[in-house]
Amino acid sequence: MKNSSKIKSFLILMSVLLGVVYAMPNFISISNNNVSYSFLPGKKINLGLDLKGGSYLLLKADMEVVFEEKLQGLLSDIRYSLRKSKIGYKKLIAKKGIVSFEKRGDTPNEKVKSVIIGLNKNLIIDNKNNKFFVNFSDLNKQEITKATMTQAIEIVRRRIDETGTNEPSIQQQGADRIIVQLPGLDDPSRIKKLLGKTAKLNFQLVHPSISSDDIERGSNAPPGYVILEEDKNPSRLYMVNKRVMVSGEMLKDASPTFDRNNSPSVSFQLSPLGGKKFGRVTGQNIGKPFAIILDNKVVSAPVIQSQIFSSGQITGSFSVQETNDLALVLRSGALPAPMIILEERSVGPGLGSDSISSGKIASVAGLIAVMIFMLMTYGIFGIFANIALFCNIIFILALLSLLQATLTLPGIAGIVLTMGMAVDANVLIFERIKEEYKAGREIFDAIESGFQRAISTIVDANLTTLFAALALFSFGSGPIKGFSVTLMIGIITSMFTAIVITKYLVLAYSKKRDIKNYIFQD
């Protein structure tokens, strides 16, 4: 029994010491920001945008562009399926969100519909005589939007992470919007440029006989070709074959480098399949210009000198920063939809400092008020409750540091609320001990019974609050999540300190002194 008590004392002491060690960087960094304390296992708590200052961007995915691209893909699939099923057709076009075509021959309309439904059972198909009209249903559009946003958030995260921005917050809002919060970043211009690029990279052949000097703006391109501007010089035009010979989806890696003339460029590496296609295309078109197209603008159009396989170089009038950014967006992948910046705002570090200062004042004021109340109401037991409250605050800071959670202004409110809630369990326990003692039990029996009878009430009350906090975290966003995180951590730590630490202190003190003379008086 004595060994069990020693082990319990050791475990409680170790938990408190670990809490202090992990929470320590937050207290040290306040007094001296210029000293590194890398020997400590814990890290400083990440501060949110409202506390640290920084930039806020609200992006909207241009889903109309995505739907148009998907419609072109649907047109190709319909063409392939009709040919495979040996169904004649003519005037197959995609326009205004609808694929339309006219059936040729005597094939039953139901068979034509079944072939198209085989592509996607949720497509909407109408027909008038021999004319068919196919478009996406609302369910199709919801699925496309969901997949697009999932991919877009991942690519936005990759691009921002590679810039070295600390603790960005990236989350979806509504069906087609993304909120980007960048704590500590006052000028988001570079991030805006990175997110403004869709980064769809294609390699396409240039018209073999029509040079850029012969093309006039506004002129019509011959069938199968399109006129594109040069990225750095919009007045320079290229006649480019519409067929994409190699796409950026086959890109494996990209990195900034320098070409033979010591000018900044981007080296790229293709996947095995991409390298095979690239080698075949370059081998068959030696001596012809090959356009490198990024977001429908020609970056450069070098003449193919020899067969090239899995690696190559993108050259142009780049600065070193531009090659770094271009390599970054190519590595992270193309955005599935263009991103439109709907809202941009900055929070100055001064406002964040004021918020932190206000949060400190509120926390200290709440802490002092709770401590005075417990001391005046419960005497020695109040001191034990206050010690447990200090341990609770240390554990909250330690867990926030360990989990590297982002602390926001609502999060500080959650901590202040937790401090008030933390003593609720102690009040329940102390009042239950009073009742047991007045009922005629010995002091030690009253303490044990008081803790045992109060535990079920404490757990029930805290679990309901914990479930509410989990719901806020699951379905809320932004400030609501910040509040729910600190509330959940505070509930867990307050239960531990009330049930374990307070009980240990009360029992340890009761063994040495007659505690009933200090409290149980009417």
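Helix α5 gives the largest share of the lining of the largest pocket, 6 residues. Helices here are DSSP runs of H or I, at least four residues; strands are runs of E, at least two; both are numbered from the N terminus. A word on the source. This is a predicted model, with local features needing pLDDT of at least 70 and side-chain atom pairs pLDDT 80 or more, while totals for chains, interfaces and linings use all residues. Residues are numbered from 1 along each chain as its sequence is written, and side-chain values use heavy atoms, without hydrogens and water.

Back to the pocket. Its volume is about 1400 Å³. The lining counts 39 residues. Glu69, Lys200, Asn202, Val244 and Asn296 lie nearest the centre. Elements giving two or more residues to the lining are α3 (63-84), α5 (138-162), β9 (201-205), β10 (225-229), β13 (251-258) and α8 (320-332). By class, the lining has 17 nonpolar, 12 polar and 10 charged residues. Nonpolar covers Ala, Val, Leu, Ile, Met, Phe, Trp, Tyr, Cys and Pro; charged covers Asp, Glu, Lys and Arg; the others, Gly among them, are polar.

How is a pocket defined? On a 1 Å grid over the protein atoms alone, it is an open set of points where a 1.4 Å probe fits, with protein on both sides within 12 Å along at least five of seven lines; lining residues have an atom within 4 Å of a point. Points are joined across faces, edges and corners, and the volume is the space filled by probe spheres set on them.

Next, the loop between β9 and β10. Histidine 207 is found there. Buried or exposed? Histidine 207 is buried, at 15% relative accessible area. Buried means under 20%, exposed over 50%, partly exposed in between, with a 1.4 Å probe and protein chains only.

Now two lysines. Most residues other than glycine have a negative phi. Lysine 86 has a positive one, near 60 degrees. Lysine 86 sits in the loop between α3 and β3 (88-95), and is exposed at 77% relative accessible area. Lysine 91 also has a positive phi, near 55 degrees. Lysine 91 is in strand β3 and counts as exposed, at 62%.

Last, helix α1 (residues 2-31). Leucine 11 is in this helix. Leucine 11 is exposed, with a relative accessible area of 53%.
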